[in-house]
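Here are my notes on the model, as numbered points. Please read them with the structure open.

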Amino acid sequence: MTIDLILVPQGAEYKAVIRGIKALLTSSSTIPKVYALPIGPSVSNTLQQVFSETGDELDGKFVLLIGLGGSLSPHYQIGDVMLLHSMCKGTSKVKGHYNPEVKLDSTQTCQKWDISSPRIQHFYSELQTLTSAQTSREDQISPNIDIVQGVTMDRMVTTPDEKRELQRLYQADVVDMESAYVVDFLQSRGATVAVVRVISDNSDTDVPDLNMAIDSLGSLNFRKMLWQFLKQPVAAMRLIRGSLKGLKQLTRISSTCASIWGPPSDTN
């Protein structure tokens, strides 16, 4: 199996994925194309800029979208690996840009993408098998690695109440801020998209509200992020610990993905 393109959110997630890929490459190998994406809905504009509107170079290609996500189920914990077979695009009622008093909108029907093609199912099956084998060899506790439904939100979800409501509304087990936008864009241009998310925060804990720290271009303002951390130090430490564990697992699963597609060719 050949993965033609890898997409990953920018920053620490991108660096973790690159580490995982490089772990299996020799000095003569060429790293496959890896694009760093912005956070949230602005990813659609970025993809539009990166690829031509015709999408000729995407038709028939196999694309891997990989990164961190939040758990919406007590069954899945930090470090678990979620393989998405379908996803919804969730909505929120916002009074003003990133108003902290956002309410989930249950009045709109979920827009759903089904990505469970035979090609993706084969990839997921290989990934599950290799992950279990790798864990056994390294004498580690095997993480959950399940095929689930996800939901993509236009804002960061930060409280257990919001997470429970999301699972109730969308029957999803993992939440992120990019997947539905990416799949919508790529599928409309003929690409096959596999989505892998590693859990970095549990469903029963809160994390700092960083929505005000994300600008309209999908970049994180570190000064604003630090301010939110200072306002919520306990939640901040929880987020940092969960992210570090999630990133370590993200590096590991990226390396496993690399072993599936094999050494990339020089004609990327």
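1. Helix 5 (residues 179-187) has as its buried residues S179, A180, Y181, V182, V183, F185 and L186. That makes 7 of its 9 residues, and the helix is mostly covered. Buried stands for under 20% relative accessible area, exposed for over 50%, and partly exposed for what lies in between, with a 1.4 Å probe and protein chains only. Helices (H or I, at least four residues) and strands (E, at least two) are DSSP runs, numbered from the N terminus.

2. On the basis of the work: this is a predicted model, in which local features need pLDDT of at least 70 and side-chain atom pairs count only at pLDDT 80 or more, while totals for chains, interfaces and linings use all residues. Residues are numbered from 1 along each chain as its sequence is written, and side-chain values use heavy atoms, with hydrogens and water left out.

3. The protein chain has 7 helices and 10 strands. Of its 268 residues, 52% are buried. Among contacts with a separation of 6 or more, 82% are between residues 24 or more positions apart; contact means heavy atoms within 4.5 Å.

4. The structure contains 4 aromatic pairs. Rings of Phe, Tyr and Trp (its six-membered ring) pair if their centres lie within 6.5 Å; planes under 30 degrees apart are called stacked, over 60 edge-to-face, and the rest tilted. F62 and F123 form an edge-to-face pair, because their planes stand at 65°, with the ring centres 5.6 Å apart. This pair links distant parts of the chain, F62 being in strand 3 (residues 62-71) and F123 in helix 3 (residues 118-137), 61 residues apart. Both F62 and F123 are buried. F123 also pairs with Y124, in a tilted arrangement with 6.0 Å centre to centre and 50° between the planes. Y124 is buried, as is F123.

5. R189 lies over the face of F185, 3.8 Å from the ring centre. The criterion for a charge over a ring is NZ of Lys or CZ of Arg within 6 Å of the ring centre and within 35 degrees of the ring normal.

6. T131 is in helix 3 and has a relative accessible area of 5%, so T131 is buried. Its side chain reaches the backbone oxygen of L127 at 2.7 Å. A polar contact of this kind is a pair of N or O atoms within 3.5 Å; within protein, one must be able to donate a hydrogen and the other to accept it, and residues adjacent in sequence count only if both atoms are side-chain atoms. Apart from neighbours within four places in sequence, T131 is in contact with I145, I253 and T256.

7. V148 lies in strand 8 (residues 145-152). With a relative accessible area of 2%, V148 is buried. Not counting residues up to four places away in sequence, V148 touches Y76, M82, L83, L84, H85, S86, D173 and V174. D173 is 25 residues from V148 in sequence, and the two are 6.5 Å apart, C-alpha to C-alpha.

8. The largest pocket has about 930 Å³ of space. A pocket is found on a 1 Å grid over the protein atoms alone, as an open set of points where a 1.4 Å probe fits, with protein on both sides within 12 Å along at least five of seven lines; lining residues have an atom within 4 Å of a point. The volume is the space filled by probe spheres set on the points, which are joined across faces, edges and corners. Of the 31 lining residues, E13, I39, L68, L220 and S243 are the closest to the centre of the largest pocket. Helix 7 gives the largest share of the lining, 5 residues.

9. L247 is in helix 7 and is buried, at 13% relative accessible area. Leaving aside neighbours within four places in sequence, L247 is in contact with A12, E13, A16 and L68.

10. Q171 deserves a look. Q171 is not a glycine, yet has a positive phi of about 50°. Q171 lies in the loop between helix 4 (160-170) and strand 9, and is exposed, with a relative accessible area of 56%.
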